[in-house]
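Reader: Hi! Could you walk me through this one with me? I'd like to go contact by contact.

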Amino acid sequence: MPPTVKRFAASADPHLIHQYIKADGVAIIEGATTRESLDEVREQLGTIPAGETFGVVAKSATFATQLLVHPLFMDLANRVLTDTCIIYYEQDRTVSISEPQVSMTSVLSAEPGSAPWGLRRQDECHHITHPAQRESDFGVMYAMDDITVENGAVRVVVGSNNWTDHRDPMQADEGLVELRKGDALLWLGSTYYGRAANTTNEPTMLLRAVATPGYRRQEENQYLAAPWEVVEKYPTAVQRFLGYSISRPYGGSVEHMEPLDFLKVKGDWSKYIPVDLI
């Protein structure tokens, strides 16, 4: 029998959850969000085709302002992905901090009779050698329906974040995760995961958001997937998480400025107050 995935209450200590995620590569948060919030997201998304639909940030304000920046997800994303480095400039040394950014968002819709969604590692986009010295991806997956073995359970290989690239998952390594509507699954990009077939007569959906370090390229181009005309209505915290911020010291700058500062002045440099990006 493969190891079971640890389950935690949404009020659990993030430090404890982080320790289990580092060991197992995956954890479940029960009651991470409300059914009402998920129903709002579903209404805002409208008709969802079978398979995978990207760019959820632009399609659902509730997802962008509540689920994407869920405090627990943000806390753990920072623990897993934040990186620091020492900057040297003319005998001065400072510490630069690169914070996580959104890599991609999507809906996974398993229609009746859908085939399994194959096992993969989320960090394949970032050319990672395993076991990863530094994680390049950290994700959250919200259950929009009650997810069962019959209608599309999440396939996970507990502990595979510690495997080398020469070890492939076998059926005996794989476990199936059932979730109640509102539960969330958290996983490291180096962990194998997928989805089981839906053998029922009802479709089921999972909402995904994946973060990556600020110094890496986003899997999904957020500036095209979520137009500024939509994003400018969101809170600053959401805008920064989507990539409208500097990965210190200079990554992602415009005219050596923070992107949000650049957008605010709109070419009128008299409105700009220079800041030290380091």
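Reader: Is K181 buried or exposed?
Author: K181 counts as buried, at 16% relative accessibility. Buried means under 20% relative accessible area, exposed over 50%, and partly exposed in between, with a 1.4 Å probe and protein chains only. Keep in mind that this is a predicted model, where local features need pLDDT of at least 70, side-chain atom pairs count only at pLDDT 80 or more, and totals for chains, interfaces and linings use all residues. Residues are numbered from 1 along each chain as its sequence is written, and side-chain values use heavy atoms, with hydrogens and water left out.

Reader: Where is K181 placed?
Author: K181 is in the loop between β10 and β11 (184-188). Strands here are DSSP runs of E with at least two residues, helices are runs of H or I with at least four, and both are numbered from the N terminus.

Reader: And what does K181 touch?
Author: Leaving out residues up to four places away in sequence, K181 touches R35, L38, D39, A143, M144, D145 and D146. Contact means heavy atoms within 4.5 Å. With D39 there is also a side-chain polar contact of 2.6 Å. A polar contact is a pair of N or O atoms within 3.5 Å; within protein, one must be able to donate a hydrogen and the other to accept it, and residues adjacent in sequence count only if both atoms are side-chain atoms.

Reader: Nice. Switching to sheets: what is the order of the 7 strands in the open sheet?
Author: The order is β1-β2-β11-β8-β13-β6-β3, with mixed pairing. Two strands pair if DSSP finds at least two bridges between them. At the edges are β1 (7-9) and β3 (51-54), each pairing on one side only. From one strand to the next, the twist averages 25 degrees.

Reader: How many bridges join β8 to β11?
Author: 5 bridges, between strands that run antiparallel; β8 covers residues 138-143. G139 stands opposite W187 in β11.

Reader: Which strands does helix α5 touch?
Author: Helix α5 (residues 71-81) packs on the sheet and touches β2, β6 (100-110), β8, β11 and β13 (204-213), with its direction at about 155 degrees to that of β8. Axes are lines fitted to C-alpha atoms, for helices over the stretch in contact, and angles run from 0 to 180 degrees between N-to-C directions.

Reader: What about the open sheet of 4 strands, what's its order?
Author: That one runs β7-β12-β9-β10, with antiparallel pairing. β7 (117-121) and β10 stand at the edges with a single partner strand each, so one side of each has no neighbour in the sheet.

Reader: Now the aromatics. How many pairs does a search of the whole structure find?
Author: It finds 8 aromatic pairs. One of them is W163 with Y192, which is tilted, at 6.2 Å centre to centre and 55 degrees between the planes. Rings of Phe, Tyr and Trp (its six-membered ring) pair if their centres lie within 6.5 Å; planes under 30 degrees apart count as stacked, over 60 as edge-to-face and the rest as tilted.

Reader: Why does the W163 and Y192 pair tie parts together?
Author: W163 lies in the loop between β9 (154-156) and β10 (175-177) while Y192 is in strand β12 (residues 192-195), so the pair links parts that are 29 residues apart in sequence. Both W163 and Y192 are buried.

Reader: What lies over the face of W163?
Author: R167 does, at 3.7 Å from the ring centre. A charge sits over a ring if NZ of Lys or CZ of Arg is within 6 Å of the ring centre and within 35 degrees of the ring normal.
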